[in-house]
Amino acid sequence: MNSTTAVDKTPAPPAPPAAATPGPPAAVPLRAVRLPGGLSLRWHGRATVVSLLIALALVAVTVGYLTAGDYPMPAGDVVDVLTGGGRRADRYIVMEVRLPRLLTALLVGAALGLAGSLFQTLARNPLGSPDVIGFTVGSATGALAVILVIGGGAAAVAGGAVAGGMLTSVLVYLLARRGGTQGYRLVLVGIGVSSLLASLNSYLIARASFSDAQSAAVWLTGSLNARGWEHCGPMAVALLLLLPAAVLLGRPLRMLEMGDDTASSLGVSTERARIWLVLIGVGLTAAATAAAGPIPFVALIAPQAVRRLSRATGPNLLGATLLGALLLAVSDLAAQRLLAPTQLPVGVLTGVVGGCYLVWLIAGQWRSRRG
């Protein structure tokens, strides 16, 4: 006797969609372009516009920088000099006085803006810039040790700045690493180490001769006075090497901003990526310090200002680099012209502006927590 089995003809419910792979939160969608080799380039529309506007502002500041001064020059004469013509006096003013100083300001500002973006993203804290967490002061300590104790030329000072920055970064990283590197711990440890190194710098100056102490004190303020091609060249080489390295590590940096657990789940080797990013940031900071002294607050302001203007999540490396260059060039031009013919060290002006910004930033965070 055959038995018949009833078959249910009701259609089965659709399968639930697969869980989406976690990704970085974005306030607005990103645009993407496919590149050869299976690569893709993503960008944020508003951030791109902001970067283009900053680049246009850089062009305007460059024109003003090269034409204004105690020896004013029409823009046409500057163009003649840059194209190989012009009078001898004009060539000297542009090629030996203004242009190398301008390029040094742009390169140093770009390096500080990029370094600030790297460290603030790694620390996940707006106060995590190299001048707050001690890396700039450590570079200054290494350079001062060469100037006041060992003695040496520009190359030795640059080497001392790099060594001081690297040693400081190792010390801060090891002290903040216990139990996992957290942003607040990195900032607090960095502030403590920065205070100790600032005291050491004061001790070195106090033990030096009067002339050496005077020149070292001016250098510690941060200045672009009398900067020439010998300062511009090494800074350009450092930025040419470290900027592409930072761009290549942009994706791991974006993942690290969401936390180590999320970054690890997305295939990022967190410890290795963090070490390489710290080395790049310290290299940029040390090169900038060796070229112009410890210029404060550019690395703090540039990344935060770009993020507020672009309203984009994640590190905006290009925007921070461009805005850092713009901030330092504008500050140096103002330092030259505000009390002309007396020229202020540019670090005085950035210190005033940055101090006001820091007070505003801390007050805003305090008000938001109370609310």
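The buried residues of helix α14 are covered by elements that include α7 (210–221), α12 (298–310) and α13 (317–337). The model described here is predicted. On α14, the buried residues are Val346, Gly347, Leu349, Thr350, Gly354, Tyr357 and Leu361. The helix has 25 residues, and at 1.5 Å a residue these should span 36 Å; the C-alpha atoms at its ends lie 36 Å apart, in agreement with that value.

Helix α14, residues 346–370, also holds both Tyr357 and Trp360, which are three residues apart, or about one turn of the helix. In an α-helix there are 3.6 residues a turn, so residues three or four places apart point the same way. There are two aromatic pairs in the count for the model. Tyr357 and Trp360 make up a tilted aromatic pair, with 5.8 Å from centre to centre and 40 degrees between the planes.

Tyr357 has a relative accessible area of 13% and is buried, because the cut-off for buried is under 20%. Trp360, at 44%, is partly exposed.

| Residue | Relative accessibility | Class |
|---|---|---|
| Tyr357 | 13% | buried |
| Trp360 | 44% | partly exposed |
| Val49 | 47% | partly exposed |
| Glu271 | 29% | partly exposed |

Val49 belongs to helix α1, which covers residues 45–67. Together with Leu53 and Leu56, Val49 forms a nonpolar patch on the surface, and the accessible area of the three comes to about 300 Å². Val49 itself is partly exposed, with 47% relative accessibility.

Glu271 sits in helix α11, residues 270–292. When residues up to four places away in sequence are not counted, Glu271 touches Tyr173 and Arg177. Asp260 is eleven residues from Glu271 along the chain, and their C-alpha atoms are separated by 8.8 Å. Glu271 is partly exposed, with a relative accessibility of 29%.

For the protein as a whole, the secondary structure consists of 14 helices and two strands. Of its 371 residues, 46% count as buried. Among contacts with a separation of 6 or more, 72% join residues 24 or more positions apart. The accessible surface is about 19200 Å², and carbon and sulfur atoms account for 66% of that area.

Methods. Residues are numbered from 1 along each chain as its sequence is written. This is a predicted model: local features need pLDDT of at least 70, side-chain atom pairs count only at pLDDT 80 or more; totals for chains, interfaces and linings use all residues. Side-chain values use heavy atoms; hydrogens and water are left out. Rings of Phe, Tyr and Trp (its six-membered ring) pair if their centres lie within 6.5 Å; planes under 30 degrees apart count as stacked, over 60 as edge-to-face and the rest as tilted. Helices (H or I, at least four residues) and strands (E, at least two) are DSSP runs, numbered from the N terminus. Buried means under 20% relative accessible area, exposed over 50%, partly exposed in between (1.4 Å probe, protein chains only). The expected span of a helix is 1.5 Å times one less than its number of residues. Contact means heavy atoms within 4.5 Å. Patches are made of residues with over 30% relative accessible area and no salt bridge: like charges are joined within 9 Å, nonpolar side chains (Val, Leu, Ile, Met, Phe, Trp, Tyr) within 5 Å. Accessible areas come from the Shrake-Rupley method with a 1.4 Å probe; for residues, only the protein chains shown count as cover. A salt bridge is a side-chain nitrogen of Lys or Arg within 4 Å of a carboxyl oxygen of Asp or Glu.
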